Amino acid sequence: MPELEVQLSTPDNHTMTLTTSPQPIVLLFSGQNGNSVPAAQSLYDASVTFRNYLHRCDEVVKSLDGPSLFPAVLDGIDGGDDIILRHAAAFAIQYSCGMTWLDSGVKPQAVCGHSFGEWAALTVSGTMTLEAGMKLVTG
């Protein structure tokens with residue numbers, strides 16, 4: 001432990017090697033964040049591609065007799081009793097972000113997810129359709 005303390009207290013003694021070779025890219029989707037879903041308004045406003053995917057998710061969830069994602073997905077969700085809306089919104093944001101990265105030319109070597117994020121990872125990777133992913137999420 002004393003060696004670690006010395007290393008951490010003297011950052012100038014550390015070197016970093018930069019490489020020019022491309023590093024592998026991995027898309028990672030997180031699990032649930034308690035009872036909240038972050039607001040997607042800024043992404044929605046900034047990216048037409050993200051916006052289109054989010055609207056596609058909304059069409060799919062409504063075709064499954066679920067609630068519309070709008071405006072909740074733009075404003076964010078903090079608690080509430082509608083677990084289906086929370087799950088659908090979180091999944092839609094993750095899916096839309098992942099697909100936007102892919103459409104922008106990012107070529108990940110892996111797509112991974114933890115817990116709830118596994119469904120987004122499976123869907124973004126093409127292993128599962130958007131309809132199947134949203135059906136899993138909304139029950």
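Buried means under 20% relative accessible area, exposed over 50%, and partly exposed in between (1.4 Å probe, protein chains only). This is a predicted model, in which local features need pLDDT of at least 70, side-chain atom pairs count only at pLDDT 80 or more, and totals for chains, interfaces and linings use all residues. Residues are numbered from 1 along each chain as its sequence is written, and side-chain values use heavy atoms, with hydrogens and water left out.

**Cysteines**
- Cys97 counts as partly exposed, because its relative accessibility is 25%.
- Cys57 counts as buried, because its relative accessibility is 0%.
- The whole structure holds zero disulfides (a disulfide is a pair of cysteine sulfur atoms within 2.5 Å).
- Cys57 is in no disulfide, and its nearest cysteine sulfur, that of Cys97, lies 10 Å away.

**Fold and dimensions**
- The protein chain has seven helices and four strands (DSSP runs numbered from the N terminus: helices are H or I, at least four residues; strands are E, at least two).
- Along the sequence, the pattern is α-β-β-α-α-α-β-α-β-α-α.
- The radius of gyration is 19 Å, well over the 14 Å that the globule rule gives for 139 residues, so the protein chain is more spread out than a compact globule (C-alpha atoms; the rule is 2.2 Å times the number of residues to the power 0.38).
- The C-alpha trace spans about 60 × 35 × 30 Å along its principal axes.

**Burial and contacts**
- Of the 139 residues in the protein chain, 34% are buried.
- Among contacts between residues at least 6 apart in sequence, 69% join residues at least 24 apart (contact means heavy atoms within 4.5 Å).
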